[in-house]
Amino acid sequence: MVAILSGLSQKITNDIKGGDTPIFSVTRFSHIDEGSNEDTRPRPKLTALDGQAIAEVPEVGDVEVRYGQGEGRSIEHGEHQARLIFVMGTNLAFQKFQTVDIAHGRFFTEGELRAARPVCVLAEATAKDVFPGETGVGRSVRINDEEWEVVGVLAKYESLFGGLFENFAVVPWTTYERRLSDRWESLQ
């Protein structure tokens, strides 16, 4: 039991720490206590300009911009459909802060981010569900009835929170903002 708890503690520490650099999260709402509507309504939405301003602080190494994760979405290719997935709109800094590598293909590019291209990088579990027996790179999927090109597949990722958190897709935040966000969403 001690060995199991020790291993679990080390995994949590490694997942959170991700390296020797401290990481801070700036969000519109608390992840722990959302408060009442009266407390949260007057809070302004975070924007990409806010992220750029934070990135300009000399002590800040990089800023990951992120939309989404909270709402489950459907993803399909032909007759194959993945279990409920989370779609994250983010920037290139995602690769620096997350502890998962690219297994097939590539991450989206700065050009695709600027042009708000409908491209995505799938989690390994999601790719297996919609492309059994193949990687899916270069093929297309439908996320909420819109076509997206698969440019990459992430290496296997095992979440402490189970399979639901192992099924996700990563897209440029600019594309997420145009195609998937609702009026209440804010950058994280």
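This is a predicted model: local features need pLDDT of at least 70, side-chain atom pairs count only at pLDDT 80 or more; totals for chains, interfaces and linings use all residues.
Helices (H or I, at least four residues) and strands (E, at least two) are DSSP runs, numbered from the N terminus. The legends below use these names.

View 1. Residues are numbered from 1 along each chain as its sequence is written, and side-chain values use heavy atoms, with hydrogens and water left out. Of the 188 residues, 35% are buried (under 20% relative accessible area; exposed is over 50%, partly exposed in between; 1.4 Å probe, protein chains only). The protein exposes about 11400 Å², with 52% supplied by carbon and sulfur atoms (Shrake-Rupley method, 1.4 Å probe; for residues, only the protein chains shown count as cover).

**View 2. Strand S8 (residues 146-154) pairs with S5, with S6 and with S7.** Two strands pair if DSSP finds at least two bridges between them. Strand S5 (residues 102-105) runs antiparallel to S8, joined by three bridges. Here Gly105 stands opposite Gly152. Strand S6 (residues 119-122) is parallel to S8, with four bridges. Cys120 has Val150 as its bridge partner.

**View 3. S7 and S8 form a hairpin.** Strand S7 (residues 140-143) is antiparallel to S8 over four bridges. Two residues lie between the strands. In the turn, Asn144 has a positive phi of about 50 degrees.

**View 4. The largest nonpolar core holds 36 residues.** Such a core is a set of buried Ala, Val, Leu, Ile, Met, Phe, Trp, Tyr and Cys residues joined through side-chain atoms within 4.5 Å. Ile75, Val87, Leu122, Val141 and Val170 have the most contacts inside this core. Elements giving two or more residues to this core include strand S4 (85-90), helix H6 (124-130) and strand S9 (168-172). S8 gives the most, with five residues. Beyond its neighbours within four places in sequence, Leu122 is in contact (heavy atoms within 4.5 Å) with residues including Ile75, Val150, Leu154 and Phe168.

**View 5. Thr175 sits in helix H7 (residues 173-179).** Thr175 counts as buried because its relative accessibility is 0%. A polar atom of the Thr175 side chain lies 3.2 Å from the backbone oxygen of Ala116. Not counting residues up to four places away in sequence, Thr175 touches Ala116, Arg117, Pro118, Trp148 and Leu180.

Note on methods
A polar contact is a pair of N or O atoms within 3.5 Å; within protein, one must be able to donate a hydrogen and the other to accept it, and residues adjacent in sequence count only if both atoms are side-chain atoms.
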